[in-house]
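Let's take a walk through this structure, one piece at a time. Have the sequence and the 3D view ready, and follow along.

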Amino acid sequence: MTALLEARDVKVRIGDAAILHGADLRVRAGELVAVVGPNGAGKSTLSRAVSGLQKLEGGDVRWSGTPLHELKGRRIARLRAFIPQRAPVPAGVTVREAVELGRSPHIKPLGRPTRHDREAVDRALTRTNVFDFAERKLTTLSGGELQRVQIAVGLAQEAPVLIADEPTSHLDLGATASVARLLRGLADDGLSVILVVHDLALAAAVADTVVVMAKGRSAATGAPRDVLTKERLSEIWGVDAALDERGALRVNWLDRGYT
Ligand SMILES: Nc1ncnc2c1ncn2[C@@H]1O[C@H](COP(=O)(O)OP(=O)(O)OP(=O)(O)O)[C@@H](O)[C@H]1O
């Protein structure tokens, strides 16, 4: 099957620092890919670079076969929706108004939203279970509600690939599970999802494919069980941990042999 995104040997330099120097990322239709790795490994930079939000120094990035540099503005916005780690929460804006902004790649400058645009917004509000508070201001929402709204903004864009950068990083367990179920459900429905995430237990539970980033490179890619091995968890994160027979992450939190 053709990959919707195929990124090879991605290189990014910021100032004097080589941030990425050989990262690969690929996603197929209906696949949920989790990008994991320690702090500073380059996960966010990779997700931004393949999305066209961070200048590339090298590498080959293609969306449905088209090189990224040929995809400007509305064209790239129709191929991928990017949900940033810290999306702005402007005062006075309602949930519905925020989600309507997700339609902007489809509405001509000075054009008016069509019936299809309004339906796409309603579908996104419903799918993320935020329809009931669509008229509330963003500033009144809990962290979990706000994150589901950000996903709704992405869904309203109706792009075949959704990229979410750490959508669960500030959420409690219940809100995290809700976002995890939502993203898995979207992938089961055929959307491609790239999830940048620290939580290895979550990645192991929901992902079809895990990409491990370390020191600016993609160090391993494959099914969670093949990639999140005891040896790799020890080598890259310095912890004694492994997936159990059901694929759940078990961590030996207090092992004195690891510092
Ligand atoms: N604008 C920037 N200027 C300078 N350095 C940057 C910039 N953006 C990122 N970096 C550096 O690039 C490296 C990778 O950052 P990145 O945010 O991609 O990592 P990450 O794996 O997502 O980390 P975390 O899990 O902590 O969010 C870090 O060392 C970071 O300090």
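Helices here are DSSP runs of H or I with at least four residues, strands are runs of E with at least two, and both are numbered from the N terminus. H4 covers residues 115-127 and H5 covers residues 143-156; they pack at an angle of about 145 degrees, with their axes 8 Å apart. Those axes are lines fitted to C-alpha atoms over the stretch in contact, and angles run from 0 to 180 degrees between N-to-C directions.

Who does the touching? On H4 it's Ala-120, Val-121, Ala-124, Leu-125 and Arg-127, and on H5 it's Ala-152, Leu-155 and Ala-156. Contact means C-beta atoms, placed from the backbone, within 7 Å. By class, that makes 7 nonpolar, no polar and 1 charged residues. Nonpolar means Ala, Val, Leu, Ile, Met, Phe, Trp, Tyr, Cys and Pro; charged means Asp, Glu, Lys and Arg; the others, Gly among them, count as polar.

## What kind of model this is

This is a predicted model: local features need pLDDT of at least 70, side-chain atom pairs count only at pLDDT 80 or more, and totals for chains, interfaces and linings use all residues. Residues are numbered from 1 along each chain as its sequence is written.

## Around the ligand

The ligand has 13 residues around it, and the closest are Asn-39, Gly-40, Lys-43, Ser-44 and Thr-45. To count as near, a residue needs its C-beta atom, placed from the backbone, within 6 Å of the molecule. Strand E2 (17-27) and helix H1 (43-50) each supply at least two residues of this shell, and H1 gives the most, with 3 residues. The shell divides into 4 nonpolar, 8 polar and 1 charged.

H1 itself is mostly covered, with 6 of its 8 residues buried: Lys-43, Thr-45, Leu-46, Ser-47, Ala-49 and Val-50. Buried means 20 or more other C-beta atoms, placed from the backbone, within 10 Å of a residue's own; exposed means 12 or fewer, and partly exposed is in between. After H1 comes Gly-52, whose phi is positive, near 85 degrees.

## A glycine in H5

Back in helix H5, look for Gly-144. Is Gly-144 buried or partly exposed? Gly-144 is partly exposed, because 18 other C-beta atoms lie within 10 Å. Leaving out residues up to four places away in sequence, Gly-144 touches Leu-171, Ala-175 and Ser-178.

Note on methods:
Contact = placed C-beta atoms within 7 Å.
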